[in-house]
Amino acid sequence: MSSRKIAIIGTGIMGRGIANNLSSQGHSLQLYARHPEKIQDLKSDRISTYGNIKEAVKDSEIIILCLTEDHVVEESVFSSGLLETNAKYVIDVGTTSPSLTLKLNNTFQKQNIQFLDAPMTGSKNAARDGQILFMVGAKSKEEIQDISFVFEICGKNTVYCGDIGDGQKAKIALNMVQAGIFQVYMEGFSLAKNQGIDPSILKSILEQSAAKSGISEFKFPFVFSGNYETHFALKNMYKDLKHALSLGKESGTKLPLCSGLDEIYRSGMEAGLGEKDYCSLNEVTAMIPPAK
């Protein structure tokens, strides 16, 4: 495959892994970060770094948006000079509200730029190892063939979800499920602890039962060690949860269990846990102490 010129707007936890994997396959990268000094270690003969979005997208064929909140996406697209680009494709791999996703699609369509939403799931380890799962919203599978190499290099699989915006809707539902699963574990530990059952005993039982899950396998070691290293920040899970609850309200979908998560995540934010991994909610829920 010939080298492609790709701009990545937002080179944080996930963007770093994407950049390294694409670069390793010979592609030329132009990286933007709000704090460019934090990505200087990525510079190489194939990777250039910028603190200016307009400069970062110049002459790029493909632009990857790897951003967080809607207001950051809006500012980066509409107030930075990005729209002066001559790129052929824009891929949004962050989790963006469906309404903003449609606005982005309409904007790029007017400039004859193909846009698709392709939110991802996976930790920073998955990004590092090229094991991201992408959920793609596009007019057709055929339309993404020319840029499918991005997903193949950076991911373990790509799920085509339907039209523009459907990738985001699927990802938002996924994250609500993950937040709910984790909270159920925390409440189970709280109940057991208050009945005199050591959390480590319930942990052993859960790991040997049908209640075991990917969430328990990945998050329990961090919870029980008190290590809340950021793989997916609490503030970002809370943002996605709010998207989910908003979609539920708009569609008249009853979400009796997950509706209560809003207050719990707000408590986590008020406790100053926003930048830590969302499993740090242990500090305001089960309060499992680190192993001695």
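A residue is termed buried when its relative accessible area is under 20%, exposed when over 50% and partly exposed in between (1.4 Å probe, protein chains only). The structure is a predicted model, in which local features need pLDDT of at least 70 and side-chain atom pairs count only at pLDDT 80 or more, while totals for chains, interfaces and linings use all residues. Residues are numbered from 1 along each chain as its sequence is written, and side-chain values use heavy atoms, with hydrogens and water left out.

Helices (H or I, at least four residues) and strands (E, at least two) are DSSP runs numbered from the N terminus. Strands are taken as paired if DSSP finds at least two bridges between them. On this basis strand 5 (residues 89-92) pairs in the parallel sense with strand 4 (residues 62-65) over four bridges. Strand 5 also runs parallel to strand 6 (residues 114-117), to which four bridges join it. V90 is the bridge partner of I63 in strand 4, and F115 in strand 6 is the bridge partner of V90. Along strand 5, Y89 and I91 point one way and V90 and D92 the other, and all are buried.

Two crossovers involve these strands. A crossover is right-handed if, with the strands pointing away from the viewer, the path from the first strand over the helix to the second runs clockwise. Strand 4, helix 3 (residues 70-78) and strand 5 form a right-handed β-α-β unit. A right-handed β-α-β unit is likewise made by strand 5, helix 4 (residues 98-110) and strand 6.

Rings of Phe, Tyr and Trp (its six-membered ring) are paired if their centres lie within 6.5 Å; planes under 30 degrees apart count as stacked, over 60 as edge-to-face and the rest as tilted. The count by this rule comes to ten aromatic pairs. F108 and F115 form a stacked pair, at 5.8 Å centre to centre with 15° between the planes. F108 is buried, with a relative accessible area of 0%, and F115 is buried at 4%. The ring centres of F189 and F220 are 5.4 Å apart with the planes at 65°, so this pair is edge-to-face. F189 lies in helix 7 (residues 166-194) and F220 in helix 9 (residues 214-225), so the pair ties together parts that are 31 residues apart in sequence. Both F189 and F220 are buried. Ring pairs link Y185, F189, F220 and F224 into a cluster.

A charge is placed over a ring if NZ of Lys or CZ of Arg is within 6 Å of the ring centre and within 35 degrees of the ring normal. K203 lies over the face of F224, at 5.6 Å from the ring centre. For K242, which lies over the face of Y238, the corresponding value is 4.5 Å.

With a disulfide defined as a pair of cysteine sulfur atoms within 2.5 Å, the structure holds zero disulfides. For C161, the nearest cysteine sulfur is that of C66, 17 Å away. C161 is partly exposed, at 27% relative accessibility. The sulfur of C279 is 18 Å from the closest cysteine sulfur, in C258, which is too far for a bond. C279 is buried, with a relative accessible area of 0%.

Most residues other than glycine have a negative phi. D59, although not a glycine, has a positive phi of about 65°. D59 lies in the loop between helix 2 (53-57) and strand 4 and is exposed, with a relative accessible area of 59%. M287, also not a glycine, has a positive phi of about 55° and is placed in the segment after helix 11 (261-270).
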